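Reader: I'm new to this one. Could you walk me through how to read it?

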Amino acid sequence: LYAISPMGVAAAVASGLLNSAFLGMGAVFGQRIGMSSVGVAAFMAVTIFGGALLQWPVGHASDKNDRRNVLTIVCAGAAALAVLAYALIPVSTTAMIFCVFFYGGLVFAIYGLSVALVNDRITQDEALEASSSLLLVHGIGAVLGPVAAGALMDLQGPGGLLTFFALVLTAMAAYGVWRLRVGVA
């Protein structure tokens, strides 16, 4: 599958890393920055709601443009939002929660973009095997995400979660730029 769509496979791994780290460590992050239980719930819900609500415009953009470009822009934008959310922690929890709405809108679209990118390059007979392989590599990322994010949070404090997001997304965006330059999906 990697030979067919290296960027699609990499995005599936990145999606697993990011989404599992958010779901596994997001509440810990919220608690450690001093949010109340309601604040933690709002942080988690707003991020997921952004992911649900912005699927349509991101998917629409990927249907009209080169999916590799859209995926690269989504990763770069989400990385910037993770950095902004980190900077907003001491300034305003409300502003940080507003920021993660858009972060979620981009990050939760990455897996769908990876699937679409791979599906563009396979035959219908290969779809089942490709889907199961993408789920497997996504799962590998999902196993590693909370562990890596938790380790970074131990080193850096609760903001380490957002640093983890920014690092993974920046690496994926850089990989996307490189794949676009070499002309391979």
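Author: Let's go through the core, the cysteines and the aromatic rings. Keep in mind that this is a predicted model.

Reader: Which residues have the most contacts inside the largest nonpolar core?

Author: That core holds 50 residues, and the ones with the most contacts inside it include Phe 43, Leu 71, Met 96, Tyr 103 and Phe 165. Among the elements that give it two or more residues are helix H2 (37-53), helix H5 (93-107) and helix H8 (160-182). Apart from it there's another core, of seven residues, including Ala 12 and Ile 122.

Reader: What does Tyr 103 touch, leaving out residues up to four places away in sequence?

Author: Its contacts include Leu 18, Thr 47, Ala 78, Phe 165 and Leu 169.

Reader: How many disulfides are there?

Author: The general idea: a disulfide is a covalent bond between the sulfur atoms of two cysteines. Here the count is zero. The sulfur of Cys 99 has its closest cysteine sulfur in Cys 75, 16 Å away, and that's too far for a bond. Cys 75 is buried, at 0% relative accessible area, and Cys 99 counts as buried too, at 4%.

Reader: And the aromatic rings: how many pairs does a search of the whole structure find?

Author: Nine. Take Phe 49 and Phe 101: their ring centres are 6.1 Å apart with the planes at 45°, so that pair is tilted. Tyr 103 and Phe 165 are stacked instead, 5.1 Å centre to centre with 25° between the planes. Tyr 103 lies in helix H5 and Phe 165 in helix H8, so this pair ties together parts 62 residues apart in sequence. Both residues, Tyr 103 and Phe 165, are buried.

Key:
Residues numbered from 1 in each chain as written. Predicted model: local features only at pLDDT ≥ 70, side-chain atom pairs only at ≥ 80, totals over all residues. Heavy atoms only, no water. Core = buried A, V, L, I, M, F, W, Y, C linked by side-chain atoms within 4.5 Å. Buried < 20%, exposed > 50% of the residue type's maximum accessible area, 1.4 Å probe, protein only. Helix = DSSP H or I, 4+ residues; strand = E, 2+ residues; numbered from the N terminus. Contact = heavy atoms within 4.5 Å. Disulfide = S-S within 2.5 Å. Phe/Tyr/Trp six-rings, centres within 6.5 Å; stacked < 30°, edge-to-face > 60°.
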